[in-house]
Amino acid sequence: MNSISRCQPLLGTYVEITLKADLSEDNLLKLSTAAFNEIERVHNLMSFHDPDSELSRINRLAYQQTVSISADMQTIFAKALDLSNQSAGLFDISIASHLVQLGILPDHHIRVAPSVSWRNIKLEAKTIRFDKPLICDLGGIAKGYAVDQVFKLFAEQLATAGFQLTVNAGGDLRLSHWQNVTIAIRNPANASTATTLVMQAPAVATSANYFLDTASDMVDPASGELITSKLSYSVFAADCMLADALTKLAFLNNNRPTCSSAGQPALSSVLKPARAPDATLVSALGGQAFCIDANNIISCL
Amino acid sequence: MKRRQFNQHLALSLSALLSGMLLPVGQLQAKNYLTIAQAKKVLWPEEKFTPVAINLTAAQMKSIRNRTRTRVLNPTPQIWRTSQGGWFIVDQVIGKHENIDIAYALHTNGEVKGLEILTYRESYGYEVANPKWRAQFHGKSVDQLLKLDQQIKNISGATLSCRHITDGINRLTQIWSEVLRHL
């Protein structure tokens, strides 16, 4: 068995790919290059920052005309809208204009109506249209999608015994051999320390604010306000796109004063069982959420 | 949540909880990726390499700093010229949370062909700004710095921006413009 581990700056973060297989080093290098090319392809489609990306083209044109979209965009918009629908709008990719106003995303000078939501996004087979002027950001879901695409690219190899793949896109992590694997989750109050969790599913993602220059990059879709929680939320799920998106739901749902019946999640060393509606939302959508506080105390949502 | 589902949930969560031991990821979590030889193969396949020794003068370092607004940390970056006239350069980039070694490939005309991160070290607080602390990494294997449990290879956490990579690219293209293109 040979293994190779590589790291590239993509998707706005450091993406690490590890391949382990009964192949020559040259072959592993070639496969890892193919994997990074696939991530770069997704990056080029879905970047909000790049004015030439497919997403930017949709943001510029979809209010004026019906826009043809790629199969990747079809998949990711369908999933995003499905999650919006199932979370009563708590997950909403149309919050981009708030992030632009707050200086978190760059301003491409696209006019946006004052009150818009995911309901104004009309996705058809292979086309998209906005019925109000709005802009979307895929920052809450695209990294997970890109990770999953690498697994799709290697579907054939992964079906053979002994081919092992790990992709970690800035904390959005998926493993081919995940059973009984222990991972580290950073402490939100001191990111150079961590606690550990055993993988509960093939993918995990984490949302927290500690690496930001701004206080937060999470906006409550209802109020447009930043949520500045000091807690860290991790969600395990069958694929990374779902894990990525559900961390936002876990984060928002538990930090939204109007939504959570019991307010902030009670953190104690005693395991707090699920409380409606906080916990059921993420688990009903296929994820398993954990919250970690400054004392490395884990509570299961 | 149904009772059975809840029990399953609880059991899984308990197993996760029991594993929740405290762990120092760093002061230094460090990872080695490709070696210089592997990075050469990826960035310039089929090429031969000749080392090029440069020693940036104080004036050149000042000029590069002024033009790129990035500090020049090392006056003697490791540079190779390929048989076709391209460049392979290994340099260090220091971000707010990270300190990384990067191999860059530049075309003959100074355009960036590609890059490869060779080593990633976490770094927090004042150590990064301290030249003695940085010097300890020069030419050293990072294996002995790894404090994270060897069994635990993966970390999940908030997304760390990679924008400092741009500083390194700007600095390297400026070094090309001031020095390498005249060689």
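## Report on chains A and B of a predicted model

Helix α7(A) has 15 residues and spans 21 Å from its first C-alpha to its last, close to the 21 Å expected at 1.5 Å a residue. The structure is a predicted model, and the values below are computed from it. In α7(A), 15 of the 15 residues are buried, so the helix is largely enclosed by the rest of the structure.

### The nonpolar core and the domains of chain A

The largest nonpolar core has 119 residues, and the members that touch the most other members are I39(A), A203(A), V204(A), V235(A), A243(A) and L246(A). Helix α7 (residues 240-254) of chain A gives the most to this core, with 10 residues. Domain 1 (54-130) and domain 2 (184-300) of chain A both contribute residues to the core, so it lies between them. As a general background, nonpolar side chains tend to be buried together in soluble globular proteins.

When neighbours within four places in sequence are left aside, I39(A) is in contact with L10(A), L11(A), V15(A), A146(A) and V150(A).

The domain assignment divides chain A into domain 1 (54-130) and domain 2 (184-300). Their contact takes 14 residues from domain 1 of chain A and 14 residues from domain 2 of chain A. On the side of domain 1 of chain A that touches domain 2 of chain A, α3 (71-86) and α4 (96-101) of chain A each supply at least two residues. The largest share of that side comes from α3(A), with 3 residues. By class, the side of domain 1 of chain A that touches domain 2 of chain A consists of 7 nonpolar, 5 polar and 2 charged residues.

### A three-stranded sheet in chain A

In chain A, 3 strands form an open sheet in the order β3-β5-β4, with antiparallel pairing. Strands β3 (67-68) and β4 of chain A stand at the edges, each with a single partner strand, so one side of each is left without a neighbour in the sheet. In a regular strand the side chains alternate between the two faces of the sheet.

Strand β4 (residues 121-124) of chain A is joined to strand β5 (residues 127-130) of chain A by 4 bridges, and the two run antiparallel. Within this pairing, K122(A) has R129(A) in β5(A) as its bridge partner. The hairpin of β4(A) and β5(A) has 2 residues between the strands, and K126(A) in this hairpin takes a positive phi near 70 degrees.

Strand β5(A) also pairs with β3(A), in the antiparallel sense and over 2 bridges. Here the bridge partner of S68(A) in β5(A) is T127(A).

### Composition of chain B

Chain B has 5 helices and 8 strands. From the N terminus on, its elements run α-β-β-α-β-α-β-β-β-β-α-β-α. Of the 183 residues of chain B, 31% count as buried. Among the contacts in chain B with a separation of 6 or more, 61% are between residues 24 or more positions apart.

Two residues other than glycine with positive phi are set out below, one in chain A and one in chain B.

With 17 C-beta neighbours inside 10 Å, L73(B) counts as partly exposed. Leaving out residues up to four places away in sequence, L73(B) touches Q92(B) and I94(B). L73(B) and A30(B) are 43 residues apart in sequence, and their C-alpha atoms are 20 Å apart in space.

Methods
Residues numbered from 1 in each chain as written. Chains lettered and ligands numbered in written order. Predicted model: local features only at pLDDT ≥ 70, side-chain atom pairs only at ≥ 80, totals over all residues. Pairing = 2+ DSSP bridges. Core = buried A, V, L, I, M, F, W, Y, C linked by C-beta atoms within 7 Å. Buried ≥ 20, exposed ≤ 12 C-beta atoms within 10 Å, placed from the backbone. Domains from an automatic or database assignment. Contact = placed C-beta atoms within 7 Å. Nonpolar A, V, L, I, M, F, W, Y, C, P; charged D, E, K, R; others polar. Expected span 1.5 Å × (residues − 1).
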